[in-house]
Amino acid sequence: METEKSINSYKKGFIDGIPIGLGYFSVSFTFGMMAVNTGLTVPTALLISMTNLTSAGQFAGIGLIAAGATYIEMILTQLVINLRYALMSLSLSQKTDRTFNFLHRLFISFGITDEIFAVASSQPCEVGIRYMYGLITIPYVGWAFGTFIGAAFCTILPDTLRSALSIAIYAMFIAIIIPPAKKSRPVLNVIIISVALSCLIRYTPLLNKISGGFAIIICAFVAAAIGAKIHPVEDVKK
Amino acid sequence: MIIKYIFVMAIVTYLIRMLPMVLFKKRIENTFVKSFLYYVPFAVLGAMTIPYIFSSTSSIYSAIAGTIAAIILSFKEKGLLASAISACVTVYAVEWFLRVI
């Protein structure tokens, strides 16, 4: 990482961002439909996507809004779900070239997502601000545009279809966690512990008084801590 | 009311991304913290999905069928959209079937 060379072409970043943006369109399309499905308006759904730019966090967020959760639950849920961005942000800060000043760090850090982080950190050398702005452009537009189309489309959907769509968010979560769990026994163990705790809290008298938001936080913290203790990250093939 | 929720979501999410990049210059070396952060997304998504997926539709049978469809597609690594769509289609088909019989 001590190399003097760095990538700092807006055009290259823009092109690298196109496949991410296409992928985002389909996910944010689903988000837009879900958001309107839970009672939010089209502009509200669009506002969430344009200010948050995160999939799991937004899905959980509209779930909490629909459930009438408290602000503390919202803060803690977003914190737990999006904590991984802190590690990515930290890792990316080691890869920035000299074009990064304080102001650019403020703007570019907004665009750190799983996929943008993955592409940026896979570059063989340091990255510059122009490359990062280029990389973020299409994913951001795709995320916002997909949300708008999905939300607008949902308002003309019949009720029978809406019922079927309410499982989509959970099916996506399953699709996110199963492929890594297949390849990594520690990841599978963490998921099993978390799911077991989640069921325990949901079906045990008294414990089921715990609100959904806090239950998720408790499950995640305990399961991830046990995983980190038993299977430190060197054991995990990343 | 909803604007407040959105503001809270956006600020928390932004601070998580912004603070490490602005404040920290050194790489995390603590293995426990690194491992914990690595496992967090899986644990969160697992706890959010089960058991709540089973009460997400209008019938537990359609929900179970949809869950199985999603698991099969995910095992074959067909992607997020394919998994979501097949779960929805399965739920729709099972609920249609339940109405007919």
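Trainee: Where does B:Pro51 lie?
Mentor: B:Pro51 is in the loop of chain B that runs between helix H2 (31–49) and helix H3 (60–75). Keep in mind that this is a predicted model.
Trainee: And the peptide bond from B:Ile50 to B:Pro51, is it cis or trans?
Mentor: That bond is cis, and omega is near 10°.
Trainee: OK, over to chain A. What's the phi of A:Leu53?
Mentor: Positive, about 50°, even though A:Leu53 isn't a glycine. You'll find A:Leu53 in the loop between helix H2 (42–52) and helix H3 (55–66) of chain A.
Trainee: Is A:Leu53 buried or exposed?
Mentor: Buried: A:Leu53 has 25 other C-beta atoms within 10 Å, and the cut-off for buried is 20 or more.
Trainee: What about A:Leu206, where is that one found?
Mentor: A:Leu206 is in the loop between helix H10 (185–203) and helix H11 (212–230) of chain A. Its phi is positive too, near 75°, and A:Leu206 is not a glycine either.
Trainee: And why is A:Leu206 called exposed?
Mentor: Because A:Leu206 has 7 other C-beta atoms within 10 Å, and 12 or fewer counts as exposed.
Trainee: Switching topic: how many residues of chain A are in contact with chain B?
Mentor: 79 residues of chain A, in contact with 62 residues of chain B. Helix H4 (residues 71–93) of chain A gives the largest share of chain A's side, 17 residues.
Trainee: How does chain A's side split into nonpolar, polar and charged?
Mentor: On the side of chain A that touches chain B, 55 residues are nonpolar, 19 polar and 5 charged.

Key:
Residues numbered from 1 in each chain as written. Chains lettered and ligands numbered in written order. Predicted model: local features only at pLDDT ≥ 70, side-chain atom pairs only at ≥ 80, totals over all residues. Contact = placed C-beta atoms within 7 Å. Helix = DSSP H or I, 4+ residues; strand = E, 2+ residues; numbered from the N terminus. Nonpolar A, V, L, I, M, F, W, Y, C, P; charged D, E, K, R; others polar.
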